[in-house]
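Open the model in your viewer and keep the selection tool at hand. The stops below go from whole chains down to single residues.

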Amino acid sequence: MERISYTHNTVVKELETANWLKVGNRADFPDNGGLCFKHEDLQIAVFNFTSRNEWYACQNLCPHKMQMILSRGMVGSLNGEPKVACPFHKKSFSLKTGECLNGDDCSIVTFPVKEVAGAIYVELSQRSAIAI
Amino acid sequence: MVGYKFCEKIRKKYNKDQFEVSVYGEEYRPAYDRVHLSAYFAGKTADDLLMAPMDWYQDNHINLITGELVVAIDPVKKEIRTHKGTLDTYDKLILATGSSPFMPALKGIEKDGVFAYRTIEDLQQMEAFGKQAHKAVVIGGGLLGLEAAKALLDMGLETHVVEFADRLMPRQLDGQGATILRMKLENLGLSVHTSKSTQEILGKDRISGLAFADGSLLACDMLVVSAGIRPRDELARQCGIEVGSRGGVVVNDYLQTNYADIYAIGEVALHKEMIYGLVAPGYDMAEVVVNHLSGNRERNFSGFDMSTKLKLIGVDVASFGDALDVNEECIPIVYENKMKGIYKRINITRDGKYLRGGILVGDAESYNMLLQLAQNAMSLPDDPAELILGSRNPGDAHASKQGLDALPDSAQICSCEGITKGDICKAIVDHEITDVAKIKKVTKACTGCGGCTPMVADLLKQTLEAQGKQVKSVLCEHFTYTRQELYDLIRVHRIETYDELLGRLGKGDGCEVCKPAVASLLASIWNDVILKQSTIQDTNDRFLANIQKGGSYSVVPRIPAGEITPDQLLVIGKVAKKYKLYTKITGGQRIDLFGAQLHELPLIWEELVHAGFESGHAYGKSLRTIKSCVGSTWCRFGVQDSVGFAIEIEHRYKGLRAPHKLKGAVSGCIRECAEAQSKDFGIIATEKGWNLYVCGNGGARPQHAQLLIADIDKASCIRYLDRFLMYYIKTAEPLTRTATWLNKLEGGLSYLYDVVVNDVLGIGKQLEADMEALIANYHCEWKHAVENEDFRKRFKHFANSDEGDPYVQFEEVRGQKKPIEWGSIL
């Protein structure tokens with residue numbers, strides 16, 4: 001997550017210029033859990049990582065068995081690396097790099113997230129990298 | 001086997017340039033494992049039983065000649081000749097010709113249907129013949145005879161054992177022990193006849209029965225003779241090698257015959273008037289000869305302890321040291337429990353200081369420890385009775401493990417391979433071993449009879465602990481506690497949330513291992529609404545439904561004991577039709593509705609709850625169903641109302657969260673149609689009340705439940721169930737079914753019986769109170785969820801749209817729907 005150190009106005013301006021998409025509000029999220037957002041035909045999983053006071057976002061598709069599910073996954077850490085575990089077969093993915101932490105040859109695309117005044121923004125320029 | 005072991009041992013010491021080795025064998029197969037011969041009937045093939053495959057001999061430069069019988073030895077020219085006329089010379093000759101079954105000179109022994117029990121060929125012939133036989137008799141109630149009887153039972157034949165002596169296994173067991181063994185075997189369907197001297201085998205060409213000296217007859221159409229062994233010394237005898245008056249090649253302490261270059265090992269060797277019919281002494285002889293070949297005169301054969309432990313037709317039997325104490329030099333301590341079929345006897349010296357030997361029937365768990373105490377003349381506890389009764393003080397539960405500590409390094413742990421405690425500990429340190437499999441590989445311990453495996457595992461644990469290595473089964477990287485420790489800590493600190501626990505006792509952010517484990521603990525302790533902490537629940541618990549392929553969920557309403565009214569069936573049918581759900585009867589006698597989307601779950605449940613259904617908890621690590629058969633209300637065989645009791649039990653424990661799922665069943669009579677013995681707890685009706693079975697499961701490794709207590713009334717049954725379930729919930733590791741838990745529980749079933757029935761820990765009342773508290777806190781999770789707007793909101797796929805997931809797709813099969821295959825959304 002990126003720390004927001006600017007004043008509110010500068011940030012909103014930057015958000016408008018850099019393709020940031022507002023997906024929802026902090027209050028909608030469960031603690032240490034995710035929600036799935038629809039943007040055009042894209043499904044984005046966004047996680048409120050309360051225990052670290054951080055936000056993460058990634059593709060909703062688990063690449064292991066091609067299931068739209070990761071937003072319902074459990075967040076956690078492996079040696080300090082923040083991750084999400086898929087509910088189907090417990091494949092874990094780094095929420096920073098998208099790498100599969102079980103050593104499998106599959107990975108996910110992650111997106112930058114920002115929280116500004118209770119609103120959650122996701123930056124989607126990497127969306128074309130998703131393998132679906 | 002002993003011949004093979006010799007090859008293995010000599011190749012460990014010498015390469016092909018130092019010793020050229022040729023092996024002649026009459027059989028067409030290389031050496032095979034006769035100890036486990038009855039496994040052939042349990043589905044192992046002849047190849048599985050080989051000591052080593054053909055390649056092994058090649059790889060180790062051993063010239064193996066099978067199917068060639070040596071017919072002459074010239075001890076002066078040092079030459080042998082085979083039945084094919086092949087001549088070969090030797091520097092040293094080792095006779096490992098073994099023994100053949102003793103076939104008494106009975107009238108009619110040549111008839112069809114009479115077999116020996118010795119070679120794979122014998123077994124193959126028995127197997128072929130057994131297909132058209134119905135009733136088989138084994139002559140000989142010793143070790144091998146009972147093995148043969150097992151083989152016949154496995155073939156589905158009515159099986160009888162006839163023994164000349166007044167009891168089974170007369171060489172190993174005393175009268176009392178043999179009686180218990182006999183009871184247990186008779187329960188397993190074996191008929192036993194003792195003090196019977198067979199006089200004649202009846203029948204024309206084919207056996208039709210046996211006639212005994214007392215005038216009685218026993219009809220049968222198959223006979224297996226296991227009346228002891230005779231050393232195969234005919235070759236030695238013909239060639240001037242000295243043999244004993246009752247057979248066997250006479251050897252000295254180095255296993256040399258009267259010709260110094262000819263040795264004899266195994267069952268053919270007669271050492272100090274003793275023939276050793278077990279593998280372990282044979283292996284020891286092989287070791288002595290290999291040493292002797294290199295000029296080592298220190299290693300000799302000085303007789304061998306004939307202690308043995310084995311499973312006979314599923315019954316543990318062990319005898320060790322001076323088991324029978326025929327000279328009455330000791331004072332025996334005896335424990336006998338006819339109800340459970342357990343007999344234990346230990347012979348203590350008159351001064352009370354040492355253990356000389358003993359007998360174990362029905363429960364031989366303490367065999368290894370007792371054998372070590374006897375062999376190493378170790379000092380005994382103040383009250384030697386504790387050795388077989390177990391300490392009454394639960395704090396001493398680990399006493400037997402501490403006993404391992406006291407063993408000298410020279411103590412033999414694996415007697416088949418002659419491996420000492422020192423060898424094993426050294427291997428663990430030198431090879432940095434952390435599991436038993438590696439110990440087997442490096443030291444060969446546990447590879448013979450396998451009886452020492454538990455001790456080797458304990459040694460590993462101790463050695464690792466002594467090295468300061470972590471052997472505790474901690475939950476994961478976030479909590480350095482076991483599940484049981486966390487259970488206690490949560491209660492002591494009255495912790496109600498995962499975050500609080502992580503903050504106080506853990507580190508990091510948690511993971512998919514500790515979160516559901518802690519969620520389960522919190523539910524088992526407080527039984528609060530699990531949705532309050534939805535993100536620490538596995539997805540099934542989080543959405544109170546079972547996730548299925550494709551991302552849809554299934555719905556399972558509770559149908560206690562499988563009893564359902566036509567109106568309730570109509571409701572399920574209507575709901576399934578309305579939401580286009582696939583329906584199937586489950587293994588637990590209820591109805592599963594598949595293919596619901598996340599947002600449909602509250603709508604479906606609202607209708608079910610309204611019609612009076614409750615959550616079936618199919619999604620939780622919790623009580624599933626209590627299966628029942630129809631019982632005395634309808635069934636002409638039923639002796640008790642099994643459906644009524646099953647419903648009562650299911651309502652009592654519904655919603656109970658445990659380390660793993662829990663299944664139960666109640667059968668209305670001994671026919672057991674509810675399959676209660678395959679459940680975590682099973683109740684079977686008897687004329688007098690109920691029998692309670694515990695710790696069974698199906699799954700990948702099926703295990704039968706074991707009888708905890710018989711003929712109890714309903715109230716006692718519920719009391720013991722309360723205690724049993726709470727004790728399991730408190731002490732099991734995460735995701736451990738009751739069967740695995742019991743397998744790991746020190747002291748096994750008898751300890752569990754002590755805790756649950758005898759209340760030796762004094763926690764019975766507490767366990768019952770804990771269970772009452774959980775039951776009082778029961779609520780239907782789905783009723784709660786559909787009535788709470790906050791919870792309902794969570795059941796949707798998109799946070800910013802009310803539509804369902806477009807990727808959840810179905811296709812049709814047999815008139816219903818099924819999800820599309822993995823990955824076909826691409």
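**Stop 1: the whole model**

Begin with everything displayed. This is a predicted model. Its scores are ipTM 0.86 and pTM 0.54.

Colour by pLDDT. Chain B averages 87, and 95% of its residues score at least 70. Chain A averages 85, with 85% of the residues at 70 or above. Now select residues 1-10 of chain A, where the pLDDT is below 50. Beyond near neighbours in sequence, this stretch has ten contacts in the model.

Next, select residues 392-402 of chain B. Here too pLDDT stays under 50. The model gives this stretch ten contacts beyond four places in sequence. Where pLDDT is low, predicted coordinates should not be read in detail.

**Stop 2: chain A**

**Stop 3: chain B**

Switch to chain B. It has 826 residues, with 26 helices and 38 strands. Buried residues make up 44% of chain B. Among contacts between residues at least 6 apart in sequence, 60% join residues at least 24 apart.

**Stop 4: where the chains touch**

Bring both chains back and select the contact between them. It takes 23 residues from chain B and 29 residues from chain A. Colour the chain B side by class. You will find eight nonpolar, ten polar and five charged residues.

**Stop 5: the cores of chain B**

Nonpolar side chains tend to be buried together in soluble globular proteins. To look at this here, select B:Val138, B:Ala149, B:Leu152, B:Leu181, B:Leu223, B:Val224 and B:Leu370. These have the most contacts inside the largest nonpolar core, which has 60 residues. Which helix gives the largest share of this core? Select residues 143-154 of chain B: this is helix α4, and seven core residues come from it.

Now centre on B:Val224. Which residues does B:Val224 contact, leaving aside neighbours within four places in sequence? They are B:Phe115, B:Tyr117, B:Met126, B:Ala136, B:Val138, B:Ala148 and B:Leu152.

Another core lies apart from the largest one. It has 57 residues, including B:Val2, B:Ala31, B:Ile265 and B:Phe301.

**Stop 6: a crossing of two helices**

Select residues 714-731 and 764-776 of chain B. These are helices α21 and α24. Their axes come within 8 Å and cross at roughly 85 degrees. The two helices are therefore roughly perpendicular to each other.

Show side chains at the crossing. From α21(B), the contact uses B:Arg719, B:Asp722, B:Arg723, B:Leu725, B:Met726 and B:Tyr727. From α24(B) come B:Gly764, B:Leu767, B:Glu768, B:Asp770 and B:Met771. By class, the residues of this contact divide into five nonpolar, one polar and five charged.

**Stop 7: two residues with positive phi**

Go to B:Asn527, in the loop between α16 (514-526) and α17 (539-542) of chain B. Its phi is positive, about 50 degrees, although it is not a glycine. B:Asn527 counts as partly exposed because it has 18 C-beta neighbours inside 10 Å.

Then pick B:Gln589, in the loop between β30 (582-585) and β31 (591-596) of chain B. B:Gln589 is not a glycine either, yet has a positive phi of about 60 degrees. Is B:Gln589 buried or exposed? With 20 C-beta neighbours inside 10 Å, B:Gln589 counts as buried.

**Stop 8: two distances to draw**

Select B:Glu607 in helix α19 (residues 601-610) of chain B. B:Glu607 is partly exposed, with 16 other C-beta atoms within 10 Å.

Finish at B:Gly573, in helix α18 (residues 566-578) of chain B. B:Gly573 is exposed, with 12 other C-beta atoms within 10 Å. From B:Gly573 to B:Leu593, the C-alpha to C-alpha distance is 9.6 Å, across 20 residues in sequence.

Definitions and conventions
Residues are numbered from 1 along each chain as its sequence is written. Chains are lettered from A and ligands numbered from 1 in the order in which they are written. This is a predicted model: local features need pLDDT of at least 70, side-chain atom pairs count only at pLDDT 80 or more; totals for chains, interfaces and linings use all residues. A nonpolar core is a set of buried Ala, Val, Leu, Ile, Met, Phe, Trp, Tyr and Cys residues joined through C-beta atoms within 7 Å. Helices (H or I, at least four residues) and strands (E, at least two) are DSSP runs, numbered from the N terminus. Two residues are in contact if their C-beta atoms, placed from the backbone, lie within 7 Å. Ala, Val, Leu, Ile, Met, Phe, Trp, Tyr, Cys and Pro count as nonpolar, Asp, Glu, Lys and Arg as charged, and the others, Gly among them, as polar. pLDDT is the predictor's confidence in each residue, from 0 to 100. Axes are lines fitted to C-alpha atoms, for helices over the stretch in contact, and angles run from 0 to 180 degrees between N-to-C directions. Angles under 35 degrees count as roughly parallel, over 145 as roughly antiparallel, 65 to 115 as roughly perpendicular and the rest as oblique.
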